[in-house]
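Please look over the sequence and the 3D structure shown below before reading on. The report that follows begins with the overall layout and then turns to particular helices and residues.

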Amino acid sequence: MKLNSEYWENRYLNNETGWDVGTITKPIKEYIDQITDRSIKILIPGCGNSYEFEYLIQKGFTNAYVLDYAESPIENLKKKVPAEFHKNIIHQDFFEHNQKYDLIIEQTFFCALNPELRKKYVEKTHSLLKENGKLVGLLFQFPLTEVGPPFGGSKEEYSNLFTDYFNIQTLETAYNSIKPRQENELFFIFTKKQQHND
């Protein structure tokens with residue numbers, strides 16, 4: 001099974017979007033609510049229908065960007081947000097993207113990737129972040145199997161995976177997950193390390 005743009009496009013076209021809860025999730029919302037600088041540059045990769053992007057716009061964030069390589073969610077988003085933000089919606093493969101951000105928000109993108117790409121994801125997010133940049137969001141906490149997406153993992157696995165490139169500030173079971181995901185989500189805040197061990 002190839003998890004390529006065509007695969008994801010078909011999931012959207014067939015309405016097979018079980019990860020889409022129809023609104024911004026509470027842990028991400030509460031994190032955004034405490035950010036005081038609304039000019040910081042933010043990226044949400046693998047954005048899907050990105051309720052987070054809509055929420056950031058509503059809250060007055062002017063420098064938020066979203067990226068997906070499936071076309072349907074990109075077109076859906078353009079219908080939902082003001083025209084001035086259409087330029088912030090990027091139709092591209094995450095691994096080919098090359099800008100710099102203060103904050104990357106992780107919301108069901110990492111778990112949708114083929115697990116073989118996880119190290120590449122860590123390296124890519126590190127390279128996309130400015131000095132002292134942060135990677136923040138949710139990771140699924142259930143055993144990693146070959147059945148997916150979504151693909152899970154454990155606190156220990158994630159800690160080992162990210163620790164060469166990021167300082168782990170927070171990696172805890174989210175206390176405010178929606179009911180179907182209770183105990184199955186880890187909320188995390190990682191800050192970019194300037195020097196990492198290759």
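## Overall layout

Read from one end of the sequence to the other, the chain follows the pattern α-α-β-α-β-α-β-β-α-β-α-β-β. There are six helices and seven strands in the chain, where helices (H or I, at least four residues) and strands (E, at least two) are DSSP runs numbered from the N terminus. This is a predicted model, in which local features need pLDDT of at least 70 and side-chain atom pairs count only at pLDDT 80 or more, while totals for chains, interfaces and linings use all residues. Residues are numbered from 1 along each chain as its sequence is written, and side-chain values use heavy atoms, with hydrogens and water left out.

Of the 198 residues of the chain, 51% count as buried; buried means under 20% relative accessible area, exposed means over 50%, and partly exposed lies in between (1.4 Å probe, protein chains only). The chain exposes about 9900 Å², of which carbon and sulfur atoms supply 46%, with accessible areas coming from the Shrake-Rupley method with a 1.4 Å probe. Among the contacts in the chain with a separation of 6 or more, 68% are accounted for by residues 24 or more positions apart, a contact being heavy atoms within 4.5 Å.

## Helix 3 and its surroundings

Six of the eight residues of helix 3 are buried, so this helix is largely enclosed by the rest of the structure. The buried residues are Glu52, Phe53, Glu54, Tyr55, Leu56 and Ile57, and they pack against helix 2, strand 1 (42–45), strand 2 (64–68), helix 4 (71–80), strand 3 (89–91) and strand 4 (101–106). Just after helix 3, Gly60 takes a positive phi of about 90 degrees.

The axes of helix 2 (residues 26–33) and helix 3 (residues 51–58) come within 11 Å and cross at roughly 25 degrees; axes are lines fitted to C-alpha atoms, for helices over the stretch in contact, and angles run from 0 to 180 degrees between N-to-C directions. Helix 2 and helix 3 are therefore roughly parallel to each other, since angles under 35 degrees count as roughly parallel, over 145 as roughly antiparallel, 65 to 115 as roughly perpendicular and the rest as oblique. Ile28, Lys29, Ile32 and Asp33 of helix 2 make the contact with Glu52, Tyr55 and Leu56 of helix 3. The residues of this contact divide into four nonpolar, no polar and three charged, where Ala, Val, Leu, Ile, Met, Phe, Trp, Tyr, Cys and Pro count as nonpolar, Asp, Glu, Lys and Arg as charged, and the others, Gly among them, as polar.

## Helix 5 and helix 6

The axes of helix 5 (residues 118–128) and helix 6 (residues 155–162) come within 10 Å and cross at roughly 50 degrees, and the two helices are therefore oblique to each other. In helix 5, Arg118, Lys119, Tyr121 and Val122 meet Tyr158, Leu161 and Phe162 in helix 6. The residues of this contact divide into five nonpolar, no polar and two charged.

## Two residues with positive phi

Which phi value does Thr108 have? Phi of Thr108 is near 55 degrees, a positive value in a residue other than glycine. Thr108 lies in the loop between strand 4 and helix 5, and at 15% relative accessibility it counts as buried.

Asn132, which is not a glycine either, has a positive phi of about 65 degrees. Asn132 has its place in strand 5 (residues 129–140), and Asn132 is exposed, with a relative accessible area of 57%.
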